Amino acid sequence: KNVALWKRTTQTSNYSEHGVLYTSDKAVDGNTDGNFAENTCTHTSYNLVNTWNVELGGAFTLIAIKIYNRNDNREYTKLIHYCLNGLYVHIYILHF
């Protein structure tokens with residue numbers, strides 16, 4: 001079960017290209033095809049530090065966390081590219 005589906009999201013900035021805003025909610029809309037040209041991905045502006053957050057709204061036992069990347073072969077903008085170059089994805093679990 002996708003406990004993040006349609007939940008409230010935020011990110012540090014929104015990337016804009018040709019009048020399209022790549023907002024944080026794209027990451028939890030259920031569309032995993034990764035087609036950046038069709039506005040199905042989230043994307044932040046080019047800042048030194050970027051964050052993306054989702055509020056799950058409760059406590060859950062997580063079996064897996066799936067992150068789907070864009071599929072347009074622009075390696076320098078993919079999350080995995082940053083991970084391979086010494087930067088890491090950090091997952092923080094906050095209890096309120």
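These are my notebook entries on a predicted model of a protein.

**Layout**

I began with the secondary structure. I count one helix and four strands. Reading along the sequence, I get the order β-β-β-β-α. I then checked how far apart the contacting residues sit. Taking contacts between residues at least 6 apart in sequence, I find that 53% join residues at least 24 apart.

**Burial and surface**

Next I looked up burial. Of the 96 residues, 22% are buried. For the accessible surface I have about 7,500 Å², and carbon and sulfur atoms account for 56% of that.

**A nonpolar patch**

Which residues form a nonpolar patch on the surface? I noted Phe60, Leu62, Ile65 and Ile67, which together have about 370 Å² of accessible area. To place the patch along the chain, I looked up one of its members. Ile65 lies in the loop between strand E4 (52–55) and helix H1 (79–84).

**Salt bridge**

How many salt bridges does a search of the whole structure find? I got one. The side chains of Arg8 and Glu55 make it, at 2.7 Å from N to O. This pair ties together distant parts of the chain, since Arg8 is in strand E1 (residues 8–11) and Glu55 is in strand E4, 47 residues apart. I also wanted the exposure of both partners. Arg8 counts as exposed because its relative accessibility is 53%, and the cut-off for exposed is over 50%. Glu55 has a relative accessible area of 46%, so I logged Glu55 as partly exposed.

**Backbone: positive phi**

Last, I went through the phi angles. Most residues other than glycine have a negative phi, so I wrote down exceptions.

Trp6 is one entry: its phi is positive, about 60°, although Trp6 is not a glycine. I find Trp6 in the segment before E1. Is Trp6 buried or exposed? Its relative accessible area is 61%, so Trp6 goes down as exposed.

His18 is another entry, with a positive phi near 55° in a residue other than glycine. Where is His18 found? I located His18 in the loop between strand E2 (15–17) and strand E3 (20–22). With a relative accessible area of 77%, His18 is exposed as well.

How values were computed:
Residues are numbered from 1 along each chain as its sequence is written. This is a predicted model: local features need pLDDT of at least 70, side-chain atom pairs count only at pLDDT 80 or more; totals for chains, interfaces and linings use all residues. Side-chain values use heavy atoms; hydrogens and water are left out. Helices (H or I, at least four residues) and strands (E, at least two) are DSSP runs, numbered from the N terminus. Buried means under 20% relative accessible area, exposed over 50%, partly exposed in between (1.4 Å probe, protein chains only). Contact means heavy atoms within 4.5 Å. Accessible areas come from the Shrake-Rupley method with a 1.4 Å probe; for residues, only the protein chains shown count as cover. Patches are made of residues with over 30% relative accessible area and no salt bridge: like charges are joined within 9 Å, nonpolar side chains (Val, Leu, Ile, Met, Phe, Trp, Tyr) within 5 Å. A salt bridge is a side-chain nitrogen of Lys or Arg within 4 Å of a carboxyl oxygen of Asp or Glu.
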